[in-house]
Amino acid sequence: MSRQSGVISPSTTATALAELIGRLTIEGKRKLAKVIDWNEFQRLRKSERLIGDPKVYVGTTRDGLSLELPMGCVRPFIQALPASLSVGSVEIFAQDSNGSREYSLAASKLEAWLGSHANVLQEGSIMIELGPHTLTSGGGGCLSLALENASSSTLREIARKALRLCGFDHKFKRGKFSALVWKDQLEVSE
Amino acid sequence: MKKIVKSTISFYRLLIEHSQREYEPSPEHILKRMLKPLCRNFSEIMEKGTKNNAWEVIETFARECKKAALE
């Protein structure tokens, strides 16, 4: 399993099995094919979860959205939030190794603020209050958006916008969903 | 609610949410994006916060555990 951040580690069972089979002789493979329990194998494949960090993740939570976005998509995503949520001002609580600071600014100034605090978005942590809604990030594109009484259509629109900013698209239809991108392949569950 | 308290609760919720995803995030991701911010917040609460701030954090953590059926 690779330990590099952002690299997909394939499912452990399948990888281990593939490695073992690869080492067998043709005769060994024949014998294995006769004794393997294919039903059990299928059950194992269904129960295992992928390990690692996807390129993109957008999923609903109890009160909003959780997202993993490539760094290039983070600023445009945050910049678009005040308009999506119809708020005119934001309050920011930013932390890095130098401590925490608070800012209060008009939504129109958010773009400039994000531009001059790229290091906080990358390696620090940040909480942005957009009216009653709250965006939290631990850096590196890991974001959580808690929405207060927002409609499910607003939630779906924000989720779609996040995907589109990252070069993917899906029109969500339900209240609960998740979208994952592994190796440039978008997988959606609704 | 004080911002440091709200931020701490948000990262705790984010940690719980990551544990319930359909894939397993890498240990590095959990460490850098949730545990480090949480640790920074704990230090700041210890340094500059009040006992009420600390109590509010613990109280809300307990509520979040119940909501996520982790008890």
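Residues are numbered from 1 along each chain as its sequence is written, and chains are lettered from A and ligands numbered from 1 in the order in which they are written. Because the model is predicted, local features need pLDDT of at least 70 and side-chain atom pairs count only at pLDDT 80 or more, while totals for chains, interfaces and linings use all residues.

Chain B comprises three helices and one strand, helices (H or I, at least four residues) and strands (E, at least two) being DSSP runs numbered from the N terminus. The order of these elements from the N terminus is α-β-α-α. Along the principal axes, the C-alpha atoms of chain B fill a box of roughly 40 × 25 × 15 Å. Of its 71 residues, 25% count as buried; a residue is buried if 20 or more other C-beta atoms, placed from the backbone, lie within 10 Å of its own, exposed if 12 or fewer, and partly exposed in between. Contacts are defined by C-beta atoms, placed from the backbone, that lie within 7 Å. Among the contacts in chain B between residues at least 6 apart in sequence, 71% join residues at least 24 apart.

Helix α2 of chain B, residues 27-48, deserves a separate description. Its 22 residues should span 32 Å at 1.5 Å a residue, and the end C-alpha atoms are 30 Å apart, which agrees; the expected span is 1.5 Å times one less than the number of residues. A kink of about 35° lies at B:Leu35, shortly before the proline B:Pro37; the bend at a residue is the angle between axes fitted to the seven residues ending there and the seven starting there. B:Pro37 is itself among the buried residues of α2(B), together with B:His29, B:Arg33, B:Met34, B:Arg40 and B:Asn41. What covers these buried residues includes α1 (3-19) of chain B and, from chain A, the strands β5 (89-96), β7 (125-130), β8 (133-139) and β9 (142-146).

The contact between the chains involves 22 residues of chain B and 26 residues of chain A. On the side of chain B that touches chain A, α1, β1 (23-24) and α2 each supply at least two residues. By class, this side has seven nonpolar, four polar and eleven charged residues, where Ala, Val, Leu, Ile, Met, Phe, Trp, Tyr, Cys and Pro count as nonpolar, Asp, Glu, Lys and Arg as charged, and the others, Gly among them, as polar. Strand pairing also links the two chains: β2 (residues 50-52) of chain A and β1(B) pair in the parallel sense over two bridges, and B:Tyr23 is the bridge partner of A:Leu50. Two strands pair if DSSP finds at least two bridges between them.

In chain A, the domain assignment gives domain 1 (8-52) and domain 2 (56-189), such bounds coming from an automatic or database domain assignment. The centres of the two domains, taken over C-alpha atoms, are separated by 38 Å.

Strand β8(A) is mostly covered, with seven of its seven residues buried. Its pairing with β7(A) is antiparallel over five bridges, A:Ile128 having A:Leu135 as its bridge partner. The hairpin of β7(A) and β8(A) has two residues between the strands, and A:Gly131 takes a positive phi near 60° there. Five bridges also join β8(A) to β9(A), and these strands run antiparallel; A:Thr134 stands opposite A:Ala146 in β9(A). In the hairpin of β8(A) and β9(A), which has two residues between the strands, A:Gly140 has a positive phi near 65°.

A:Leu105 belongs to strand β6 (residues 99-106) of chain A. A:Leu105 is partly exposed, with 13 other C-beta atoms within 10 Å. Leaving aside residues up to four places away in sequence, A:Leu105 touches A:Ser89, A:Val90, A:Leu110 and A:Trp113. The C-alpha atoms of A:Leu105 and A:Ser89 are separated by 5.7 Å, with the two residues 16 residues apart along the chain.

Notes
Two residues are in contact if their C-beta atoms, placed from the backbone, lie within 7 Å.
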